[in-house]
Amino acid sequence: MSLTAALNAAQTSLSNTSTQTNIVSRNISNASDPDYNRRNAALATNVYGAQVVSIERAQDQALFRQTIKGTSAASGQSALLSGLETIKGIFGGNDYETSPAALLGTLRDTLSTFASQPGESTLAQSSVADAQTLAAGIRDASAAVQRVRLDTDQEIERQVGKLNELLARFETANNNVTRGTQLGQDVSGHLDERDGLLKQISSIVGVSTITRSSNDVAIYTSDGTTLFETVPRPVTFAPSVGFAATVQGNSIFVDGVPMGAGQGANSTAKGSLQGLLQVRDEMAPAVQTHLDEIARALIVTFAETDQSAIPTLPDAPGLFTWAGGTVPAGATVVPGIAASFSVNAALIPSQGGNPELLRDGGINGAAYVANTTGAASFSARLDGFVVAIDTPMGFDPASGLSPSTSVIDYAADSLGWLELNRSEAFTASESREAFRFRAVEAYSNDTGVSIDEEMSMLLELEQSYTASARVISAVDQMLQALMSAVR
């Protein structure tokens, strides 16, 4: 090898080392950035050895697709679980101590004690007080369920706004990628930014992508609706000002197409928006329906009937009443009845009522009096209430629970339904989060920065630099010796 060739080879090596050192330094400085993909120097051989011809960005499209898929599924399931956990909190802790089932059990026990000692006025007052606690619990639960729907609706509005913002930023990043690709520029930084935005988008709505010429990307939702193609498609949502049992939430529209909600406790939701829609439009309304049916059943159970020899008057609300002031028809849900469910004022001492009317009847007039002699030992009506609480009656099949069961068992079944869905959602959330974590970890291992590997590379580059410097030094000494010999 000539001295010129040796010198050129050493200079090329130094140039390569300088470029590679810059790349390694860049990798190390961005090691903590989850959206940064490792850069590598691509080498090609020439007459002087190897030379850096390009800087490549590590990528694995198959793993990246698994990452955004896992992110969407985990986010949707997490949104559903969070909503169910909030609804569970309405009814107390793990024992559901403030649930209608628990409060009704307490009332039944008090009524049973009152029935055994019907002459005790304090037991009459205790029974009415327990009934007030039950009614307040059902009303408060109904209001809390609607607050969950409102809070969820507001979160939907926030996330729709965030999604539109991310799509606008994605447009800028995508334009930079396509323009740079066409001009032959290094677009790795723009690719990092675009992929990072796509990860954030996938946590809100399930997506799939198609890469076209010049690295242009089109985004579609999991159900095939166009979300981004050259420009963002509009995602629109009109929030509601308030919710009640009869109020339905508005849809989310992607390019004019309504977005569907997730289904099932092991949710089909892809992205948080579908999970939120499921909480607002499926889970919370189901709990509201259960509360409405419990309230309706209690009004029916404790209703007063005409005690005349030939009854002519309709049944009337007894211990419990509501804003409608009637006894609802059987086995048909009355939407929103739980919101105005209350104890009849005629029984509440603080409102001038007489709690002993619970034993005797007559809340709605003389025709409804059962204890016509006024006997303090009269317990037939109280015994009837205790039995009725445990006696099967009709419930609306549309509520999703047993259409023929007792009111206390129906209340317990409602809790069972909630806990079953929450438990299944929790298990599914753990599974989906594990999948997301493994996908992200695999993608990071394949494309991310390992500090240990980069530091090892720096040591190798240092040795290469030292070797190249020695070659140049040796060539310099040889040339000086040659010049000295010529002189």
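A cavity, on a 1 Å grid over the protein atoms alone, is a set of points where a 1.4 Å probe fits but cannot get out; a pocket is an open set with protein on both sides within 12 Å along at least five of seven lines, and lining residues have an atom within 4 Å of a point. Grid points are joined across faces, edges and corners, and a volume is the space filled by probe spheres set on the points.

Before you start clicking, know that this is a predicted model, in which local features need pLDDT of at least 70 and side-chain atom pairs count only at pLDDT 80 or more, while totals for chains, interfaces and linings use all residues. Residues are numbered from 1 along each chain as its sequence is written, and side-chain values use heavy atoms, with hydrogens and water left out.

**Stop 1: the cavities**

The structure has two cavities of 30 Å³ or more. Select Val205, Gly206, Thr221, Ser222, Asp223, Thr225, Val254, Val257, Pro258, Met259, Lys270 and Gln274 to see the lining of the largest cavity. The space inside the largest cavity is about 80 Å³. Its lining divides into five nonpolar, five polar and two charged residues. Here Ala, Val, Leu, Ile, Met, Phe, Trp, Tyr, Cys and Pro count as nonpolar, Asp, Glu, Lys and Arg as charged, and the others, Gly among them, as polar.

Next, select Phe91, Pro100, Ala101, His290, Leu291, Ile294, Ala411, Ser414 and Leu415, which line the second largest cavity. Helix H3 (100–116), helix H6 (272–301) and helix H9 (407–447) each give two or more residues to the lining of the second largest cavity. Helices (H or I, at least four residues) and strands (E, at least two) are DSSP runs, numbered from the N terminus. The second largest cavity has a volume of about 40 Å³, and its lining holds seven nonpolar, two polar and no charged residues.

**Stop 2: the largest pocket**

Now turn to the largest pocket, with about 300 Å³ of space. To find its centre, select Pro34, Asp35, Lys199, Val440 and Ser444, the closest to it of the 18 lining residues. Helix H2 (61–90) and H9 are the elements that give two or more residues to this lining. Which element gives the most to the lining of the largest pocket? H9 does, with five residues. By class, the lining of the largest pocket has six nonpolar, eight polar and four charged residues.

**Stop 3: the nonpolar core**

A nonpolar core is a set of buried Ala, Val, Leu, Ile, Met, Phe, Trp, Tyr and Cys residues joined through side-chain atoms within 4.5 Å. Buried means under 20% relative accessible area, exposed over 50%, and partly exposed in between (1.4 Å probe, protein chains only).

Select Phe91, Leu107, Leu111, Leu298, Phe302, Leu319 and Phe320: these have the most contacts inside the largest nonpolar core, which has 63 residues. The elements that each supply at least two residues of this core include helix H4 (121–183) and helix H8 (380–389). The largest share, eleven residues, comes from H4. Apart from this core lies another, of 29 residues, including Val160 and Ile252.

Zoom in on Leu298. Not counting residues up to four places away in sequence, Leu298 touches Leu104, Leu134, Ile138, Phe320, Phe341 and Val407; contact means heavy atoms within 4.5 Å.

**Stop 4**

Click on Thr110 in helix H3. Is Thr110 buried or exposed? Thr110 is buried, with a relative accessible area of 13%. Beyond its neighbours within four places in sequence, Thr110 is in contact with Leu123, Ser126, Ser127 and Asp130.

Then pick Glu97, in the loop between H2 and H3. Glu97 counts as partly exposed, at 44% relative accessibility. Leaving aside neighbours within four places in sequence, its contacts are Phe91, Gly92, Ala102 and Leu103.

**Stop 5: the open sheet**

Four of them form an open sheet in the order E3-E4-E5-E6, with antiparallel pairing. Two strands pair if DSSP finds at least two bridges between them. Strand E3 (207–211) and strand E6 (231–232) stand at the edges with a single partner strand each, so one side of each has no neighbour in the sheet.

Five bridges join E3 to strand E4 (residues 217–221). Across this pair, Thr211 stands opposite Val217, and Thr209 stands opposite Ile219. In the hairpin of E3 and E4, Ser214 takes a positive phi near 60°. Five of the five residues of E4 are buried, so E4 is largely enclosed by the rest of the structure. Val217, Ile219 and Thr221 point one way from E4, and Ala218 and Tyr220 the other way.
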